[in-house]
Amino acid sequence: MTRKYQLYIAGRYVAPLSGRMLPSVNPYTGQVWAEIPDADAADVAAAVEAAQRAYRDTWRHTPGIARAALMLKLAQLIEAAAERMSILESSDNGKIVRETQPQMKWVGRQLRFFAGYADKLFGQQIPLDQAQVLDYLVREPYGVVALITAWNSPLALLANKLAPALAAGNCVVVKPSEHASVSTLEFAALVEEAGFPPGVFNVITGGADAGRALVEAPGVMRVSFTGSPGVGREIAAAAGRRLVPVTLELGGKSPNIVFDDADLDKAVVGALAGIFGATGQTCVAGSRLLVQRPVYEEVVQRVAERAAKIRMGDPVDPQTEMGTVANEPQFRRILSAIEGARASGARLMTGGARATGPGLDSGYFVQPTVFADVDNRSHLAQEEIFGPVLAAIPFDTEAEAVAMANDSRYGLAAGIWSRDIGRVMRVSGAMQAGSVWVNTYRAVAAQAPFGGFKESGIGRERGEAGLLEYMTTRNVMIDYSDAERDPFAIKS
């Protein structure tokens, strides 16, 4: 039975003004399982107005300790609903419940972490050159912020933005991807149950037109976006025309570097998790495996052998190890990239086609694929495939590994596998990446800032750096002296 959803504006679910709806296809069954509203500019304007009203009348006057209490209640609710919410999200984007259920717990962790900041948003007294002048800095929220998320991890990505935005005192309008909106719309009911004032949290859904209207809405004072570099550029340009700041978490082509002194058992597991976790549909995917030549063949062979045994199937089955690609356009794009790699002469170690068989034929399944001897300047090594496709590349020296790793227009993440602490320090310091993992990969923490260099984005999420993205500053200077001053002198 197809589920039908509505927009969430000003504390209640409402139908889109146009009446238009979009189908949501379950990528495992290939069938429409839900319908979501296709919002237009009028719907967006209503959501932004609701957020402005809530900020002006309620939220900006709500003490930090009260905001924190609401956030902690919401954390409890999402944690209690983790199983139900994970099944909804897996049905929408094909990610396995073994990943989506922990991600619901991650949402709670983010809310708890940033709730601790809500009543600790301290300013700063600034000492000046002159006597009897008090100068201080006050941190303040922007007001209404737009949060635009991607389809690969809707609620986990939302938590990166929502938790610091609420802690800082902002109201939000959320726009999830049209390919995976259900979990965000269901999350709105938890926000309401937690007791947030109407209008603090709003959700509009739809395609590019809805997103464009949100970015261009006059009442939106900051935009945070997770998605492709191409769309990120458009959002930055649109926001720039209004001189509105942006946070952009974009793509990656991350190197996972294995040196010949590494613990190879750990490195192989890290390589597998780096590219086949989330079906490779993650911005930090370790899609380039750079391996030092003395252990290259062994590592690549071991990775390929284990990849060939990955269990694919129903994403909501706890035994499934890899789910589907999230939607048909992405499915076609990945298969096209695989064919291009074949034609370029890369050595196929395993996979390389659509996965078929019992329980797989109706879904967007791609075999876990490993290519060896890939040219680091090739399409497969330079372009973000966003799927379960690994490009293995040999190197000889540490300097060569660093040069190859940084030879990319992206700079989001990198992995280093080595027992040599000196090498670890040298190579991690040389990486053009916002996150560097050593002897681990795809590890996250609410306390640790996340973001990229180069075309991987602007700004940071998570940690204190993520909180500051949602705050601006006001400087106040008070002259409390009795002295007369020269009106034409510079007061420095």
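**Exercise 1.** Is glutamate 249 buried or exposed?

*Solution.* The model is predicted: local features need pLDDT of at least 70, side-chain atom pairs count only at pLDDT 80 or more, and totals for chains, interfaces and linings use all residues. Residues are numbered from 1 along each chain as its sequence is written, and side-chain values use heavy atoms, without hydrogens and water.

Step 1. Buried means under 20% relative accessible area, exposed over 50%, and partly exposed in between (1.4 Å probe, protein chains only).
Step 2. Glutamate 249 has a relative accessible area of 3%, so this residue is buried.

**Exercise 2.** Determine the strand order of the open seven-stranded sheet and its edge strands.

*Solution.* Step 1. The order is β15-β16-β17-β14-β13-β19-β20, with mixed pairing; two strands pair if DSSP finds at least two bridges between them.
Step 1. Strands β15 (347-350) and β20 (435-438) each pair on one side only and are the edge strands.
Step 2. Within the sheet, β16 (residues 369-372) and β17 (residues 389-395) run parallel and are joined by three bridges. Valine 370 has leucine 390 in β17 as its bridge partner.

Key
Helix = DSSP H or I, 4+ residues; strand = E, 2+ residues; numbered from the N terminus.
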